[in-house]
Amino acid sequence: MVVVDDTSGAKHAMMWALTHVANKGDFLTLLHVLPHAGGGGGETPSLANSLGTLCKACRPEVEVEALVIQGPKLATVLSQVKKLEASVLVLSQSKPSHLCWLSCFLRSSSEEFVEQCINQAECLTLAVRKQSKGVGGYLISTRWQKNFWLLA
């Protein structure tokens with residue numbers, strides 16, 4: 001399962017999962033969670049569907065399902081992991097704040113969400129961030145290892 005949205009980081013995480021985690025015959029769920037009030041409207045299901053189409057074009061041997069659910073993000077992700085019996089959850093990991101001293105005290109809601117998923121999901125959870133241009137590879141965080149550099 002990959003949590004997707006309209007950010008480039010989510011697209012990178014989805015493609016990483018498709019190329020590094022999914023195997024022939026696997027089932028990949030793209031989960032897009034909408035907030036309760038005034039979500040993205042009509043463009044959101046088309047976002048999930050277009051990402052699903054991209055996955056199918058890249059890896060036709062992997063079964064892809066796009067799922068759009070409205071609700072609180074953390075609770076929805078955790079319940080879908082359990083309901084669908086996901087074996088791996090992949091999230092996009094945002095770049096840490098440049099103000100290191102400040103980020104020690106104030107973490108973004110995105111960072112907090114990723115950390116809570118890593119610690120609470122009932123499956124292996126991987127947070128993925130593509131390294132900056134020129135460096136290559138990915139930074140991967142799990143429950144046991146933070147910001148592990150994977151050059152692949």
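**Exercise 1: two helices side by side**

Work out how helix α3 and helix α5 pack against each other in this predicted model.

*Solution.* Two packed helices are described by the angle between their axes and the distance between the axes. Start by locating the pair: α3 covers residues 73–83, and α5 covers residues 109–120. Next, take the two values: the angle is about 30 degrees, and the axes are 10 Å apart. Angles under 35 degrees count as roughly parallel, so α3 is roughly parallel to α5.

**Exercise 2: who does the touching?**

Which residues make the contact between α3 and α5, and how do they divide by class?

*Solution.* On the α3 side you'll find Lys73, Leu74, Val77 and Leu78. On the α5 side, look for Phe113, Gln116, Cys117 and Gln120. Now sort them: the contact has 5 nonpolar, 2 polar and 1 charged residues.

**Exercise 3: around Leu67**

Find the strand that holds Leu67, then list the residues that Leu67 touches, skipping those up to four places away in sequence.

*Solution.* First, the strand: Leu67 sits in β3, which runs over residues 63–70. Second, the touching residues: these are Thr29, Leu30, Leu31, His32, Gln80 and Leu84, with residues up to four places away in sequence left out.

**Exercise 4: a look into a pocket**

Describe the second largest pocket by its space, its lining and the classes of its lining residues.

*Solution.* Begin with the space, which comes to about 300 Å³. Then count the lining: there are 16 residues, and Met1, Phe27, Leu28, Ser87 and Val88 lie nearest the centre of the pocket. Now check the strands. Both β2 (27–34) and β4 (88–92) give at least two residues to this lining, and β2 has the largest share, with 3 residues. Last, sort by class: the lining of the second largest pocket holds 11 nonpolar, 2 polar and 3 charged residues.

Notes. Residues numbered from 1 in each chain as written. Predicted model: local features only at pLDDT ≥ 70, side-chain atom pairs only at ≥ 80, totals over all residues. Heavy atoms only, no water. Axes fitted to C-alpha atoms, helices over the stretch in contact; angles between N-to-C directions. Parallel < 35°, antiparallel > 145°, perpendicular 65-115°, else oblique. Contact = heavy atoms within 4.5 Å. Nonpolar A, V, L, I, M, F, W, Y, C, P; charged D, E, K, R; others polar. 1 Å grid on protein atoms, 1.4 Å probe; cavity = no way out; pocket = protein on both sides within 12 Å on 5 of 7 lines; lining within 4 Å. Points joined across faces, edges and corners; volume = space filled by probe spheres on them.
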